[in-house]
Amino acid sequence: SGGNNPSETSNVSSKDALSRNVVAETASGDKNGGEDTFNDENVSDDCFDGTNDENVVTSKTNSVDNDEKRVLAEATNVYETVVFLSQFQNLRNETEDEASVTKSSEPPSTDQLNDDERPVTPSARPATQSTTTPPPPSPRPKLRGTSSRHPGLGAFQLWYTPVASLYRTYTIFKSNNDDEIIPLTPRSERGHVSIELRVTNRTADDITVHWLDFRGTERYRGTIPVGDTWVQLTWIGHPWLFRRRTRQQRIDENDTGGVALLHYVPYRVIPTTRRVPAATDAGVGRHRFSIKHPDYAAQSRDDACTVDDPVLPHHEAPSSFRTVESAVEWCCDHMEREGTVPDAVLKYLYNVLSEPSAARYRCVRRGNKVFRERVSCNAGLGVLYAVGFVDGRDGCLEMGPERGGLDGDWVRLISVAVFQLELLRRRMAAGGDDDVRQPVGADGSGRGGF
């Protein structure tokens, strides 16, 4: 139409001429099928000043009616779309709520945080923001000791007894009444690892050997003459009973007479080393000990016998741990069996030797990570007990008095322990017992019937 021509619009300057052009365009649009060809972009605002023709108003009214129908149809489609999206969003929210339950304990990553939610690094922290300082460490508890002399091996004995019982238990009966002691394991358990048992008779009478079967019944298995050694292949978790019998008593398979001396149960295979062998040539673990006549200390306790074990000494045997050096030597042998490097223990002892009068080096916290992971779980703790550490207050190990140092004999004992530990560290650094064949079950398998 002519109204869409820019040159015509620019040549008409009066309002009446412009109105005539608009009426002509409207009539032309009606003749072409009723299509609205009105173009708002080519008409200025000053033509709508209330003086337009009524045909123009009629054309605008028809256009508005068509627009309302179109908008109504579009609104219907939009409403249906909004309802669908609302239902979809509700379903999505329910799914995300269920998934967030399993992830609620996980902290969000920094990539998922907004700028105002990201953690502020110390370098980017504003100058006006106050920083929270960590609380100061708790003060070291004061040592309770008052003597500068070595306290003895009482703390070491208390530590050693349960450690040795992980491998075997000895129950010594009383000479006046053998029924007052109930063994910890009264019958055999189903074993899976075999060991060799070697028992030597060092008493003045013959000793009969009885196996306790799976019902707890004694089964006669042999006699150990005076001075002889009895060898038997047994299993982990099988108890044995040893009785003293005079030469006048008759021995048969069903006879269980005689005075009960010892009840013994093997619980675990002992790892072997070159210094302390505990296995046969065939790769079978070996437990060995001797039964002796009670000494003066055992008689005072009314014990029926004493036990001499060269690998895991009985804590009440007269030859076990008479000196600090023997206790430290056993700990070194056991650390070699465990494969434990004594670096952490040496660090503690070197600190004490550097300043024997400094109380801070003679107080060790049990909660310390190094102590908990590298000392308390192996024979290194036995070394500390052997050189004079005792259980103190607030979960600490302490040595000596709070004020004043250690005497010369105590420092010498610590120096001897350091020397033995250094020899152990050199042996292990050189390869130690890496090429030694360990018996079956030396890793702890098969104990307790498992």
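1. Basis. The model is predicted: local features need pLDDT of at least 70, side-chain atom pairs count only at pLDDT 80 or more, and totals for chains, interfaces and linings use all residues. Residues are numbered from 1 along each chain as its sequence is written, and side-chain values use heavy atoms, with hydrogens and water left out.

2. Total. The whole structure contains 17 salt bridges, each a side-chain nitrogen of Lys or Arg within 4 Å of a carboxyl oxygen of Asp or Glu.

3. Arg286 and Glu196. These side chains form a salt bridge with an N to O distance of 2.8 Å. Because Arg286 sits in strand β8 (residues 285–292) and Glu196 in strand β2 (residues 194–202), the pair ties together parts 90 residues apart in sequence. Strands are DSSP runs (E, at least two residues), and helices are runs of H or I of at least four, both numbered from the N terminus. Glu196 is buried at 15% relative accessible area, while Arg286 is partly exposed at 24%. Buried means under 20%, exposed over 50%, and partly exposed in between (1.4 Å probe, protein chains only).

4. Asp213 and Arg219. Here the salt bridge spans 3.1 Å, N to O. Asp213 is buried at 8% relative accessibility, and Arg219 is partly exposed at 38%.

5. Arg366 and Asp391. The closest N and O atoms of this salt bridge are 2.7 Å apart. Arg366 lies in the loop between β10 (363–365) and α8 (369–374), and Asp391 lies in strand β11 (residues 390–391), 25 residues apart. Both partners are partly exposed, Arg366 at 31% and Asp391 at 43%.
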